[in-house]
Amino acid sequence: CSLTEQGRADAERAGKILRGIAFDKVFSSDTKRAKQTCAIALPEMQDAVEYTPLIRETNVGTLTGLEVAECQRRWGEEYDSRRKARNFCPYGGENLAMHMERVREFLTMTESGGWDTVAVFSHGGSIHCMLDIVMGAVQNKADYPCGNGSVSVFEYADGVWSLAEWGRMEIWG
């Protein structure tokens, strides 16, 4: 589905946060909303964007397109426990380990790319996987909210990833 009016506003805000940064490389999830967000936030970089399925949102299988409330109504506690565990295998999707492996593959690719400054347009679940990988353990999502259009900064130096900034939603001064 396409970005909502709020989604477009979030993308514009992200673009203002990113303004003035010279990116060596730009990656985007290959999903429609991520592509639209990238196009709004960094319109001048669109010829250089590499689209990849590695940073798509968690694959939820047959639940794709259903709202959380609908899933809760249909499957109740079973769905809630699987959602909390990030395990959508019973619905033909993936679990947390599978999602983490995709994101780890993406991070490994960026490590060997030779770029200094990279922009990544992805989804909350994949960004949380990046965080989990960088922090070395699964983090409580409630402690690390990831709002739409927020900007997080990960750094890679001397073979080690670190978190420099999480979930910025206001313009740098």
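## Aromatic pairs

Two rings of Phe, Tyr or Trp, the last represented by its six-membered ring, form a pair if their centres lie within 6.5 Å; planes under 30 degrees apart count as stacked, those over 60 as edge-to-face and the rest as tilted. By this rule, 6 aromatic pairs are counted in this structure, which is a predicted model. One of them joins Phe27 and Phe106, with ring centres 5.0 Å apart and an angle of 90 degrees between the planes, an edge-to-face arrangement. Phe27 belongs to strand β1 (residues 25–29) and Phe106 to helix α4 (residues 96–111), so this contact ties together parts that are 79 residues apart in sequence. Phe27 is buried, its relative accessible area being 0%, and Phe106 is buried as well, at 1%.

Phe27 also pairs with Trp115: the ring centres are 5.5 Å apart and the planes stand at 75 degrees, so this pair too is edge-to-face. Because Phe27 lies in strand β1 and Trp115 in the loop between α4 and β3 (118–121), the pair ties together parts that are 88 residues apart in sequence. Trp115 is partly exposed, with a relative accessible area of 27%. Through these ring pairs, Phe27, Phe106 and Trp115 are linked into a cluster.

## Charges over rings

Which residue lies over the face of Phe27? Lys25 takes this position, at 5.4 Å from the ring centre. A further case is found at Tyr51, where Lys35 lies over the face of the ring at 5.0 Å from its centre.

## Strands β1 and β3

Strands β1 and β3 run parallel and are joined by 4 bridges. Within this pairing, Ser28 stands opposite Phe121 of β3. Strand β3 presents a covered face, made up of Ala119 and Phe121, and an uncovered face, made up of Val118 and Val120.

## Helix α3 and the residue that follows

How far apart are the end C-alpha atoms of α3? They are only 15 Å apart although the helix has 18 residues, whereas a straight helix at 1.5 Å a residue would reach 26 Å. Helix α3 bends by about 125 degrees at Trp75.

Just after α3, Arg86 adopts a positive phi of about 55 degrees. Most residues other than glycine have a negative phi. Arg86 is located in the loop between α3 (68–85) and α4. With a relative accessibility of 11%, Arg86 counts as buried.

## Asp158 in the loop between β4 and β5

Asp158 is another residue other than glycine with a positive phi, here near 55 degrees. Asp158 is situated in the loop between β4 (151–157) and β5 (160–168). Is Asp158 buried or exposed? Asp158 is exposed, with a relative accessible area of 81%.

## Met100 of helix α4

Met100 forms part of helix α4, the helix that also holds Phe106. At a relative accessibility of 11%, Met100 counts as buried. Met100 and Asp132 are 32 residues apart in sequence, while their C-alpha atoms are 8.3 Å apart in space.

## Cysteines

How many disulfides does a search of the whole structure find? The search returns 0 disulfides. Cys89 is in no disulfide, and the nearest cysteine sulfur, that of Cys129, is 13 Å away. A disulfide requires two cysteine sulfur atoms within 2.5 Å. Cys89 is partly exposed, with a relative accessible area of 33%.

Cys129 is likewise in no disulfide; for this residue the nearest cysteine sulfur is that of Cys146, at 11 Å. Cys129 is buried, with a relative accessible area of 0%.

Key:
Residues numbered from 1 in each chain as written. Predicted model: local features only at pLDDT ≥ 70, side-chain atom pairs only at ≥ 80, totals over all residues. Heavy atoms only, no water. Helix = DSSP H or I, 4+ residues; strand = E, 2+ residues; numbered from the N terminus. Buried < 20%, exposed > 50% of the residue type's maximum accessible area, 1.4 Å probe, protein only. Lys NZ or Arg CZ within 6 Å of the ring centre and 35° of its normal. Expected span 1.5 Å × (residues − 1). Bend = angle between axes of the 7 residues up to and from the residue. Pairing = 2+ DSSP bridges.
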